[in-house]
Structure formats: C-alpha cells, structure tokens
Amino acid sequence: MIDSHCHLAGDEFARDLDTVVSRARDAGVTGALCILAAGDDAESRRAATVRQAWPGIRFAAGIHPHQAGEFAGRLEDATETVRRAVEEHRACAIGEIGLDYHYDFSPRAVQQDVFRGQLGLAVELGLPVIIHTREATDDTFRILREAGGVRGVFHCFTGDDVMARAAFDLGFYLSFAGIVTFPRAEAIRAVAKMAPAGRFLAETDAPYLAPVPHRGRRNEPAYVAEVVAKLAEIRGARVADVAAQVTSNFKTLFSGGGSHSNVMA
C-alpha cells in the first residue's frame, strides 16, 4: 500500500527517520508521497535525507494557504518559488495548496490569488494538485472550476457526500486519513463507502492525525495500514484488495504525465 500524503521532511522525524521508514516497510507500505513547503530551505535540505532513507519516495511541493500571506504583493514570486521546488525535487504534484478559512493565517484574498497561481502552474506543467480546504468549500470549487483542466486529490477529506460528488464531477480523487477511524466520523465513513473504487486514496498526514489505536502519538507512514484496514471494513472488502486499489489509484493519479514526474517502483 502507499501513504499518499505525509510530511517526513519535518523536524518531527529528524532523529529516527530510518526507523520510521523501516516500520513502514514492515507494515507493507511500499511507497509514500512526501509533502514539501516550497521556499522552506530547511525542509528542502531534509528532503535529501528522506530520499536517501527511502529511495522510492516521491515528493510534492507547494505553498500552503497558511504561508500564502508571505507572498502578498509578490504573486509572481510565489509561482516561481513553487516552480523551482518542483524542479529541484522532481515533484510529481503541486501541493498542498488551497484555502483555509478556519485559521485565516493569511488574508483570504491573498490565499485565493496564490492558489490560482499554483493551479495555473499545475496546468502548465501537466501536474496534479493536492488540495487543502477548510471552511472554504465554495471558494475552493469556484477557483478550481475557473482554472479548468486541473486534476488532483482532496487530501484528508472531511466533507460530506455533496462535496464528494462535486469533487468527483471535477475528476478529483478523495484521500482518507486517520480521521476515518475516529468514533464520531460517521459522515466521512459514509463518503468512504460510496466513493468509486477508482477514486480514493489512503494517507496518514504524518506526523498529524494518528489513527485509532495510535491516537495521541506522532503519526507515521506505517499507520496508513490502519486507514486501509478501516476502509476495507467500511467497504466490505478484503484488506489486500483495498491496499491494491489505493496503490493502483495512486499510480494512476501521480504517474499520469508532467515533465517533472518520476514513476515510483
């Protein structure tokens, strides 16, 4: 199986990265997509260590809405920062990008402009995007529709069936994280049950959102096995079949083109 979204280049894994990768492999995790913050020099340096520890890992790079405010009045710089990160890390996707109106760490208008710029870059490079959206559903879909020709995934999906169908209508995938295992996540489990077989992924969002039975601990790619097991239970399928499905879906989405993409073994 593949962890479609983690942050292994974060400080949280600096001391025991090799052990974390070993546990992931022991759990049957054959690959992962590591998300990088474009323009973060320290994280970029740690990415080289991640690649050495896990040669099959792939990278995505983008400007998160929380950091969009750093580029207020410098929108061209934002796009070029992402372009450089994509080239440096041979990224197979742009992300995570989007809108976050829960914290509003960046002005909403700036978030939207930086989001648009990155979508335009994704279309130019032929790369999928990884969407972060929180309390900004209407604006997120409006901007995606305006961009046109964008494909990608809504990471850590926490929406309802209406939002899910809107995402599918745009050709997007949904990625389910450890939240799907939480006791009160019935609405998310309902979406996981109805999602078409070819349109869902599994992720950890490590080091965040550890699934049951690891809640309260640092999350890590090995725990995507718990997400896959829960998805299998929800869908009435064998764990092995769901693991194979999320792997196939990942390869379909992230190996579909783009001059900078590299194919995971």
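Leaving aside residues up to four places away in sequence, Thr140 touches Leu99, Phe115, Ile131, Thr133 and Phe154. Before I go on, note that this is a predicted model. Thr140 is part of helix α5, which covers residues 137-147. Is Thr140 buried or exposed? Thr140 is buried, because its relative accessible area is 0%, and the cut-off for buried is under 20%. One of its neighbours is also a polar partner: the side chains of Thr140 and Thr133 make a polar contact at 2.8 Å.

For contrast, take Arg74. This residue sits in the loop between β3 (58-62) and α3. Its relative accessibility is 35%, so Arg74 counts as partly exposed; that class runs between the 20% and 50% cut-offs. Arg74 and Ala167 are 93 residues apart along the chain, and their C-alpha atoms are separated by 30 Å.

Next, helix α1, residues 17-26. Which residues of α1 are buried? They are Leu17, Val20, Val21 and Ala24. Look at the spacing of those numbers while I give the general rule. An α-helix has 3.6 residues a turn, so residues three or four places apart point the same way. In α1, the buried residues fall within an arc of 95° when seen down the axis, so they line one face of the helix. What does that face pack against? The buried residues of α1 pack against α2. On the other side of α1, Asp18 and Asp26 are exposed. After the helix comes Gly28, with a positive phi near 90°.

Sorted by class, the lining of the largest pocket has 14 nonpolar, 14 polar and nine charged residues.

The second largest pocket holds about 160 Å³ of space. It is lined by 14 residues, and the closest to its centre are Gly39, Asp41, Ser44, Ala85 and Glu88. Here the elements that give two or more residues are β2, α2 (41-53) and α3 (75-89). Which element gives the most to this lining? That is α3, with five residues. By class, the lining of the second largest pocket divides into five nonpolar, four polar and five charged residues.

How many cavities of 30 Å³ or more does the structure hold? It holds one. The largest cavity has a volume of about 30 Å³. Its lining consists of Ser4, His5, Ile130, Val153, His155, Ser175, Leu201, Glu203 and Phe254. Of these, four are nonpolar, four polar and one charged.

That is the end of the tour.

Definitions and conventions: Residues numbered from 1 in each chain as written. Predicted model: local features only at pLDDT ≥ 70, side-chain atom pairs only at ≥ 80, totals over all residues. Heavy atoms only, no water. Nonpolar A, V, L, I, M, F, W, Y, C, P; charged D, E, K, R; others polar. 1 Å grid on protein atoms, 1.4 Å probe; cavity = no way out; pocket = protein on both sides within 12 Å on 5 of 7 lines; lining within 4 Å. Points joined across faces, edges and corners; volume = space filled by probe spheres on them. Helix = DSSP H or I, 4+ residues; strand = E, 2+ residues; numbered from the N terminus. Buried < 20%, exposed > 50% of the residue type's maximum accessible area, 1.4 Å probe, protein only. Arc of directions from axis to C-beta. Contact = heavy atoms within 4.5 Å. Polar contact = N/O pair within 3.5 Å; in protein donor to acceptor, adjacent residues only side chain to side chain.
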